[in-house]
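Please read these notes with the model open beside you.

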Amino acid sequence: METTLEKPKANVAEDFLPLNGTDHIEFYCGNAKQSAYYYQHAWGYELVAYSGPETGVRDRASYVLQQGKIRMVLSSAMHPEHEISKHVLLHGDGVKVLALWVDDARKSYDETTKRGAQGVMEPTVYKDEDGEVVVSAIKTYGETIHKFIERRNYKGVFMPGYKVKKSGVETKSVGIKHVDHCVGNVELGKMNDWVKFYEDVMGFKLLLTFDDEDISTEYSALMSKVVSNGSGYVKFPINEPAAGKKKSQIEEYIEFYHGPGCQHMALATDDIIATVTELRKRGVEFLNVPEVYYDEVWQRVGKINEDVEKIKQLNILVDRDDEGYLLQLFTKPVQDRPTVFFEIIQRCGAKSFGKGNFKALFEAIEREQDLRGNL
Ligand code: FE2
C-alpha cells in the first residue's frame, strides 16, 4: 500500500496559516489494541506504524492506521494517572487531536498564538534515521487540540518514535479516500465564539450557516456554522444546541462527553454504494431513515447517476445544491457513549453538507436517543 501521502499543490498566497490538509486524527481510547482491530477488520484500515513499550515508549501504546489519505492514531495509556487515562475516564473514547499538515510548524504556532490561540506544545523537533518532524499544538474546543505537523524533511512511515508495523489481520479497503470535514459540538451560546476563533486565530472563512429553522424537528434543534481554510482542504462545521421540546442531540453528546468535543468525521469515497455495502457486511451500524424518505427524495434531488434501488436498499441519503448532488450516510456512535460517529460522503459536484436531509436524519437520531432514554 502507498503510505506516503501526496502533497496537494498551491495554497492561497496571503494565507498566514497555509494547510495541506488533515495530517491525522488521534483518538484516546480505553483499549487501543482492540480498537485498532475494529478499524482494520471492519473499516479496512491498514496498520502502518506502532509506538509503545516494545519501541521504547514506556507510558503509552499508539497504533497508526491508514486508508487512502486518512490517517488515524489510536492511543491508550499504561497507567491510570496518564493524561490519556484521565481523558478516557472523563470523555470515554474520543478525538483528542485534529492534526493539520503544514509546511512550517514553527510559523503556524507563532501566527496562531500571536492571534490569541492558547499554545499547548511549543514547536518541538523529533528526529530519527529517516529525518525530522516538527510538531506544535494549540487548543481548540473542549480538551481537543490542533497539532501542526511539518514533515517535509521526513521520509519515514509516520513520525520518529514509531516503528513500521503491518496488519496482523487481512485488511481490505472499503474505498474511503480522505477526510472531508470534522465537526465540533460546543455548548449553547458558544458557536459564534468558536467561529470567531477559527476566523481570527486560524484565518478560516465562514462558509455556511444553518439556523434552527433549517435544522429542527418536533423535539430537538441545533445551529451550525461551517468554517473553511483558504485552500478549502480543511472544513470544520461547529454545532451548538438550540431550544427544542426535548433534549437536542448536541446536548446529549455534551452530557455524555462531559464537554465540547469532536462529534463526527466525514470520510469521502468515490463509490458510496461499494463502501457502504462492505461496511454493512462487516457489521458497521448506520442510522436508518424510514422508507417514506425515498417516496419524495427523487422529486427533491432529481436524477442521479447511481442505481436508485441500491441507494434505497442501503439507506443512503441524497441531497442536491446549485453545484451538484451528494450522497451520505451516518454511522451510529462507534463507542458505547452516544458521542463520536462517522459520516460516509460521496460528492458529485455538491459542496454543501446535506441540509435537505437534516429533518429525516434528526428524526432518525431522535429515535435512537429515545431508545437510550435520553430524549
Ligand atoms: Fe457531516
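1. Zero salt bridges are counted between domain 1 and domain 2 (a salt bridge is a side-chain nitrogen of Lys or Arg within 4 Å of a carboxyl oxygen of Asp or Glu). H2 gives the most to the side of domain 1 that touches domain 2: five residues.

2. This is a predicted model; local features need pLDDT of at least 70, side-chain atom pairs count only at pLDDT 80 or more, and totals for chains, interfaces and linings use all residues. Residues are numbered from 1 along each chain as its sequence is written, and side-chain values use heavy atoms, with hydrogens and water left out.

3. Domain 1 covers 21-164 and domain 2 covers 176-372. These bounds come from an automatic or database domain assignment. The contact (heavy atoms within 4.5 Å) takes 41 residues from domain 1 and 37 residues from domain 2.

4. Domain 1 and domain 2 bury about 2,900 Å² between them, 69% of it on carbon and sulfur atoms. Buried area is the accessible area (1.4 Å probe) lost when two parts are put together, summed over both.

5. Now the sheet. Nine strands form an open, mixed sheet, in the order S6-S7-S8-S5-S1-S4-S3-S2-S9. Strands are DSSP runs (E, at least two residues), as are helices (H or I, at least four), numbered from the N terminus. Two strands pair if DSSP finds at least two bridges between them. The edge strands, S6 (119-128) and S9 (163-164), each pair on one side only.

6. S1 (residues 21-28) and S4 (residues 70-77) run parallel, joined by four bridges. Glu26 stands opposite Val73 in S4.
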